[in-house]
Number of protein chains: 2
Amino acid sequence: MIFCKAGYSVCLYDNVAEQLPSAVSNIRTLLLDFESKGLLTGAMKTADEAMTLVSTSTSLAEAMQGAMFLQENAPESLDLKKKIFAQLNELASEDIILSSSSSCLYPSLFTKDLKHKAQCIVSHPVNPPYLVPLVEVVPSADTKQEVVDRTMALMKEIGQAPVLVRKEVNGFLLNRLQYAVLMEAWRLVEDGVCTPEDIDTTMTEGLGLRYSLIGPFQTIHLNAPKGVKDYCERYGKNIETVCNDQQNVRAFSGDTANQVHEAMCKQMPVESLEEARNHRDRRLAALAVHKKNEALKK
Amino acid sequence: MIFCKAGYSVCLYDNVAEQLPSAVSNIRTLLLDFESKGLLTGAMKTADEAMTLVSTSTSLAEAMQGAMFLQENAPESLDLKKKIFAQLNELASEDIILSSSSSCLYPSLFTKDLKHKAQCIVSHPVNPPYLVPLVEVVPSADTKQEVVDRTMALMKEIGQAPVLVRKEVNGFLLNRLQYAVLMEAWRLVEDGVCTPEDIDTTMTEGLGLRYSLIGPFQTIHLNAPKGVKDYCERYGKNIETVCNDQQNVRAFSGDTANQVHEAMCKQMPVESLEEARNHRDRRLAALAVHKKNEALKK
């Protein structure tokens, strides 16, 4: 959906051929929604126009024929990624980029033995990618610089916000930050300091309001009269003290898992999670429109 | 400003008397801005009406005369808080609540030897409090339950979003979560995984978009087909692995402090920080209006 609205021809492949018609239908629905909200501001101005660029194939070889860029979107399993990338390696031309949507597994884990490893990279989108622009671009030590540059340029061109992860680390940037938050949230609940709901309120009514506009470093730069260094001098020692206290890694299971699960199920029962996800996406879409309009006022 | 727009009479006191006229003038400016944006939805419907509730005094005893609630807003210094609370203790009636705006220092540190310690509590607002509704309410072991209950109720009544911190911990909830994020961001930059700008992009174009709408636990509840417990089973082990890797506490000084400071100064030079803070607040105000309108659509 993101590639075709930017003007690129896209051929979809799935090993379960029955998935293809519903994928195409989802893309059309999303494009029409974007069109109605005035969000189709790329090369394609209407959903119909963008849809002319979408095709499907039940043959992987055919789908890859003449392609400049391939985005693999299989589940996060190392065995599966290895199997798929071995297959892609067989079919790859000399200039196609083989890009994985992996969210934690870094590329060398499933590409290091391949002939075309220099053409392999991770471009991790964030769900839902048509509303959340971040893409984490993660090359391995074997990835050619030209492949890194072309991937970064392509992601910018299609309207995403790529960041370059310069070393292969488990969880990249987004999940490492998210896991640091989650682990501290877990400790606070496990130690009886607050309820799970209080953690969510602290984020949505406090820290998260800032974080949708300014990042952690921009935040501290603004939070001391003379910027980051001033902030470090004023608060650095206390931050180190608090963080020394955050070393205890907890298990994501047992009583705390039950407590958090039950608290969340009271708000959002498991059987209504799909509805809750749709609600989240509607709010994210409205937030995307809001941020776009505000940025134009600058 | 927040108390008077909700209909409470407020008497301001400052030990530097010259601060009082500018404080009053700031409140008027903010109220007029809120009025023009349609955000005066509490008891007072106009800035003029709210301003009739604001008075000042150059005598602390006079300012506290007949008051039900006192909010102390001095800088974050333990010596200072001790000095001020000793003074407040001398002047306190039997039913006034003595509330501190402390952001990290917990109440027993500066109230445990006071006669009126059962009436002392922390109510930590987040800057700017008229745009960011979170308030962290932190009683000490000596605080009366009735004082906790009245403080929570008052914060809700004036339109803030209070959370109750049930144990005295350094940094409460917001700063503990923020410090966990900051420390991991610091490690990633120090270890050459990414630039400071990439950390901010990861937040503002990725994780932070979600966090302005749904908290960390709501996020994971939605991110596995069957909610939190399903998420823990799928991803718990890997989160624990990543967090085991996040134990190394770094110093907030040296080369990394220089690198982060310079990167931020390129975006926002120290001499323009006040302007950048105003811009942040304008965007926060617009976000507050946006979230309010969207919540009404539910």
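## Report on a predicted two-chain model

The largest nonpolar core has 156 residues, and the residues with the most contacts inside it are Leu173(A), Ala185(A), Leu173(B) and Ala185(B). A nonpolar core is here a set of buried Ala, Val, Leu, Ile, Met, Phe, Trp, Tyr and Cys residues joined through C-beta atoms within 7 Å. A residue is buried if 20 or more other C-beta atoms lie within 10 Å of its own, exposed if 12 or fewer, and partly exposed in between, with C-beta atoms placed from the backbone. In soluble globular proteins, nonpolar side chains tend to be buried together.

This is a predicted model, in which local features need pLDDT of at least 70 and side-chain atom pairs count only at pLDDT 80 or more, while totals for chains, interfaces and linings use all residues. Residues are numbered from 1 along each chain as its sequence is written, and chains are lettered from A and ligands numbered from 1 in the order in which they are written.

Leu173(A) has partners in both chains: leaving aside residues up to four places away in sequence, Leu173(A) touches Glu136(A), Val163(A), Val165(A), Leu188(B), Cys194(B), Asp198(B), Ile199(B) and Thr202(B). Contact requires that the C-beta atoms of two residues, placed from the backbone, lie within 7 Å.

**The interface.** In total, 90 residues of chain B are in contact with 90 residues of chain A. Among the elements giving two or more residues to the chain B side are strand 7 (161-164), helix 8 (174-190) and helix 12 (254-267) of chain B. Helix 9 of chain B provides the largest share of that side, 14 residues. By class, the chain B side has 53 nonpolar, 23 polar and 14 charged residues. Ala, Val, Leu, Ile, Met, Phe, Trp, Tyr, Cys and Pro count as nonpolar, Asp, Glu, Lys and Arg as charged, and the others, Gly among them, as polar. Helices (H or I, at least four residues) and strands (E, at least two) are DSSP runs, numbered from the N terminus.

**The sheets.** In chain A, five strands form an open sheet of mixed pairing in the order 3-4-5-6-7; two strands pair if DSSP finds at least two bridges between them. Its edge strands, each pairing on one side only, are strand 3 (69-72) and strand 7 (161-164) of chain A. Strand 6 (residues 134-139) and strand 7 of chain A are parallel and share four bridges, with Glu136(A) opposite Val163(A).

Chain B has an open sheet of five strands in the order 3-4-5-6-7, also with mixed pairing. Four bridges join its parallel strands 3 and 4, and Gln71(B) has Ser99(B) as bridge partner. Helix 9 (residues 196-211) of chain A lies across strands 6 and 7 of chain B, at about 150 degrees to strand 7 of chain B.

| Helix pair | Angle | Axis distance |
|---|---|---|
| Helix 8 of chain A and helix 12 of chain A | about 100 degrees | 10 Å |
| Helix 11 of chain A and helix 12 of chain B | about 135 degrees | 8 Å |

Helix 11 of chain A is therefore oblique to helix 12 of chain B, whereas helix 8 and helix 12 of chain A are roughly perpendicular to each other. Axes are lines fitted to C-alpha atoms, for helices over the stretch in contact, and angles run from 0 to 180 degrees between N-to-C directions. Angles under 35 degrees count as roughly parallel, over 145 as roughly antiparallel, 65 to 115 as roughly perpendicular and the rest as oblique.
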